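Here is a short note for a colleague opening this structure for the first time. Please read the points with the model in view.

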Amino acid sequence: MAENKKVSNSPNRGIYLLPNLLTTAGLFSGFFAVVSSMNGHFESAAIAIFIAMIFDGLDGRVARMTNTQSEFGAEYDSMADMVSFGIAPGLVAYNWALSGMGKFGWLAAFVFVAAAALRLARFNTQVGVADKRYFQGLASPAAAGVVASLVWLGTEYEINGHDIGFIMGLITITAGLLMVSNFRYNSFKEVDWKGKVNFIVVLLIVLVFVIVAASPAELLSAIFVLYAASGPITTIRSVKKLKLEHVVGDDEDAEFNTDKTENSPKQQEVDKKDKQPEDL
């Protein structure tokens, strides 16, 4: 009788299928991007990274909609993001443009991969205490979008990546450094997606979809590059005097992070369980 009671009170160690299936699909897309770049299919590699972003945005939302959040899902998502938005973009950039640059080439790719790992680790330790209106540093999917969109754009115009290896190396390093910076990036979490909008807005959305379908590489490159540049601009405009802690290093003394300790430990735990993969 006691054994039956013990078994019935034991926690359910199963894994929720749907959200983790979406995470696995994102992980597969990131791995496919690496394999495609090794075989010289750089356009497919870049597109695979963007597909990984779609799955990364879906798994967290599906988990919340179906009430299937879990610690396992959050950790698994971080590991998948490391592959899709850290290793994959770094290797795609290396295989496309940096492999002929010697030490500079592989070091530039490594800076991006290491920065993505640091970005993910920092995010996981700040869940529940960071200002949800902003990301601290460029989110890893956005940094991956910068690299992938430029590779896609280059292949679209039949540019030999090795001819612009030095420029691509600088862009890859810059994207990596922005991930570990203290620059603030708008998270767009305050947008009321359930609210009503003017009919003109719907027409503009349709127009955006048409433009994306017509010139996806060009538009995605413009969007991600401008978003990456928005962080330094937003930060400089929001502080009276730019200091080192506003750019890099320990952010606890930064003026724009004074509200980090408002959430209670209980709320921090709730926020960690509800962590959105696209925040990474």
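1. Start with a term. A crossing is left-handed if the near helix is turned anticlockwise from the far one by less than a right angle, and right-handed if clockwise. H4 passes H5 in a right-handed crossing. Helices (H or I, at least four residues) and strands (E, at least two) are DSSP runs, numbered from the N terminus.

2. Some ground rules. The model is predicted: local features need pLDDT of at least 70, side-chain atom pairs count only at pLDDT 80 or more, and totals for chains, interfaces and linings use all residues. Residues are numbered from 1 along each chain as its sequence is written, and side-chain values use heavy atoms, with hydrogens and water left out.

3. The overall picture. The protein chain holds 10 helices and 2 strands. Their order from the N terminus is α-α-α-α-α-β-α-α-β-α-α-α. Of the 280 residues, 41% are buried (under 20% relative accessible area; exposed is over 50%, partly exposed in between, with a 1.4 Å probe and protein chains only). Take the contacts (heavy atoms within 4.5 Å) with a separation of 6 or more: 82% of them join residues 24 or more positions apart.

4. Back to the helix pair. H4 covers residues 71-98 and H5 covers residues 103-126; they pack at about 165°, with axes 9 Å apart. Axes are lines fitted to C-alpha atoms, for helices over the stretch in contact, and angles run from 0 to 180 degrees between N-to-C directions. That angle makes H4 roughly antiparallel to H5 (over 145 degrees; under 35 is roughly parallel, 65 to 115 roughly perpendicular, the rest oblique).

5. Which residues make the contact between H4 and H5? On H4 they include Met82, Phe85, Ile87 and Leu98; on H5, Trp106, Phe112, Val113 and Leu120 are among them. The contact residues divide into 14 nonpolar, 5 polar and 1 charged. Here Ala, Val, Leu, Ile, Met, Phe, Trp, Tyr, Cys and Pro count as nonpolar, Asp, Glu, Lys and Arg as charged, and the others, Gly among them, as polar.

6. Now the rings. The whole structure has 6 aromatic pairs (ring centres of Phe, Tyr and Trp, its six-membered ring, within 6.5 Å; planes under 30 degrees apart are stacked, over 60 edge-to-face, the rest tilted). Phe50 and Phe224 have ring centres 5.7 Å apart and planes at 50°, so the pair is tilted. Phe50 sits in H3 (residues 42-65) and Phe224 in H9 (residues 216-238), so the pair ties together parts 174 residues apart in sequence. Phe50 is buried at 11% relative accessible area, and Phe224 is buried at 14%. Phe50, Trp152 and Phe224 form one aromatic cluster.

7. A second pair also involves H9. The rings of Tyr185 and Tyr227 have centres 5.3 Å apart and planes at 45°, so this pair is tilted. Tyr185 is in strand S2 (residues 184-186) and Tyr227 in H9, 42 residues apart. Tyr185 and Tyr227 are both buried.

8. Look at Leu153. Leu153 lies in H6 (residues 140-156) and is partly exposed, at 22% relative accessibility. Beyond neighbours within four places in sequence, Leu153 contacts Ala217, Glu218 and Ser221. Leu153 and Glu43 are 110 residues apart in sequence, yet 8.5 Å apart C-alpha to C-alpha.

9. Check two loop residues. Asn67 is not a glycine but has a positive phi, near 55°. Asn67 is in the loop between H3 and H4 and is exposed at 58%. Glu158 also has a positive phi, about 55°. Glu158 lies between H6 and H7 (165-179) and is exposed at 73%.
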